[in-house]
Amino acid sequence: MSLKNLYLTVPVGQSVRDFLILGTVERLVELLPDFRIVLLSPSYNVPEFVEQCPKHERIVVRRMELPVGGPNWRLIHWRRKFHHRGLTSLMLRWETRRTQLPGYLLQTFDEFPPTAVVSTHPMLYHDYEVVTWARRLGIQTLGVVKSWDNIQKGLSSHCHLLSVWNPVNRDEALGLLHYRPDEVAMNGALSFDAYYHPAFEMAREEALSLLGLDPSRRLITLATCGVLDKEFYGRDETHLVDDLMRMVHESPTLKGAQLLIRLHPTSHLECFKKYWNQSDIKISFASVLPGTGWCPNRHDLQEQTNLLRHSNVIVTPGSSWALEAALHNTPTVVPVYSDLQPDHAAAQFQRWTLARHFKRLVDNNWVPVTRSYDETRTALEEACLNPGSFDKGRQAIVDQYAYYRDCGSSVRVAQWIADVAQAAVPGAPRGY
């Protein structure tokens, strides 16, 4: 019996985490005994990546490159502006007619004719060529949305069917992208599975000691936002480190607290090097993998889980750690100011963080947003003295965005992919 072929893109480290480390691919092998799993990744030739892949005769790894620039960017930009299903469908048909697939991918398609193609990060441009070519050939495509804000930001790779985290994302897919209800499945957040799995939990004393921290002292964790593109590229985040340490020295409430800087995947370590050997400051960041960049391994997932659980307060100027801290009922402060770059900060926060990325959190007052040094210090003191002050806001975040809280999202996503792949009809894909 000849095997059918299910393609999964693995373009970035988040996909490695969600589909390899958390076991989604292994579940697909069990659920689809008549399928070969073809993993497409820019790390196809990297030993550390190959080691993460399950060792099975029905799993093969093939080359995938990350497209850079080109006219497709403009096509995606135009499509994102359409607010009508019919216009979007017309645009997609035009895109498929003009798409050219790289020779190396043509060879893979010829070697293993796909029955279905899964984009594991449809927001990014990385999967665009393989998804668009699959649509051109009438192959079923599925998109697994990676994060809570991705639909609002816009999807680059437009798949026939979509898996989302929660009712908020489902409504966004229906309202912003004009998917139909039967084209969107709520399967939960793959990245949250580790937070609800006891294997990743550690006691505070052990977890903080491994990081060189004192478990008996308060811990303030600064989760950075990383480098932003375009006009925000030069934004500095180290001023928050200086401000936080000044607050610790000035405030009787915060006195004796220690600071951990948790770097965003796009933050530059060299910017924070000056704090490397300072007392009371530690720096934490996830691993990297050639080809896919930032790529958390099991140790990194455990460290992140326990930082979120055991920090006394999370400070972040707009990263998703505000949401993830809520899963652990950890107080959060969101500073949206910079005394060093006030105009730069105002433009970024007013036009992006508060207007789009954190809009629902801010509009509903679910997290304390601070606009000055003094406001931030007061909010930090309140978080330490009265950690329950924003309990209702954090619970609302959990209720809205963590629809499933059972470490079973990987199982649901795998089952959804398997069901769609088994029912796929060549030349007649189901969905948008």
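Trainee: What share of the protein counts as buried?

Mentor: Of its 432 residues, 58% are buried. Buried stands for under 20% relative accessible area, exposed for over 50%, and partly exposed for what lies in between, using a 1.4 Å probe and protein chains only.

Trainee: Before we go on, what kind of model is this?

Mentor: It is a predicted model, where local features need pLDDT of at least 70, side-chain atom pairs count only at pLDDT 80 or more, and totals for chains, interfaces and linings use all residues. Residues are numbered from 1 along each chain as its sequence is written, and side-chain values use heavy atoms, leaving out hydrogens and water.

Trainee: Got it. How many helices and strands are there?

Mentor: The protein has 19 helices and 15 strands. These are DSSP runs numbered from the N terminus: helices are H or I with at least four residues, strands are E with at least two.

Trainee: And what are its overall dimensions?

Mentor: The C-alpha trace spans about 70 × 45 × 35 Å along the principal axes. The radius of gyration is 22 Å, which agrees with the value near 22 Å for a compact globule of 432 residues. That radius is taken over C-alpha atoms, and the globule rule is 2.2 Å times the number of residues to the power 0.38.

Trainee: What percentage of contacts join residues 24 or more positions apart?

Mentor: Counting contacts with a separation of 6 or more, 69% are between residues 24 or more positions apart. A contact means heavy atoms within 4.5 Å.

Trainee: Let's zoom in. Which residues of H9 are buried?

Mentor: In helix H9, residues 167–175, they are Val-168, Asn-169, Glu-172 and Ala-173. They lie on the same side of H9, because they cover an arc of only 135° around the axis. That arc is taken from the directions from the helix axis to the C-beta atoms.

Trainee: What do they pack against?

Mentor: Their partners include helix H8 (150–153), strand E6 (161–164) and helix H18 (391–401). Strand E7 (184–186) and helix H16 (359–363) are also among them.

Trainee: New topic: where is Asp-280 found?

Mentor: Asp-280 is in the loop between helix H12 (269–272) and strand E10 (281–284). Its phi is near 70°, a positive value in a residue other than glycine. Asp-280 is partly exposed, at 32% relative accessible area.

Trainee: And what is phi of Asn-329 near?

Mentor: Phi of Asn-329 is near 55°, also positive in a residue other than glycine. Asn-329 sits in the loop between helix H14 (321–327) and strand E14 (332–335), and is partly exposed at 40%.
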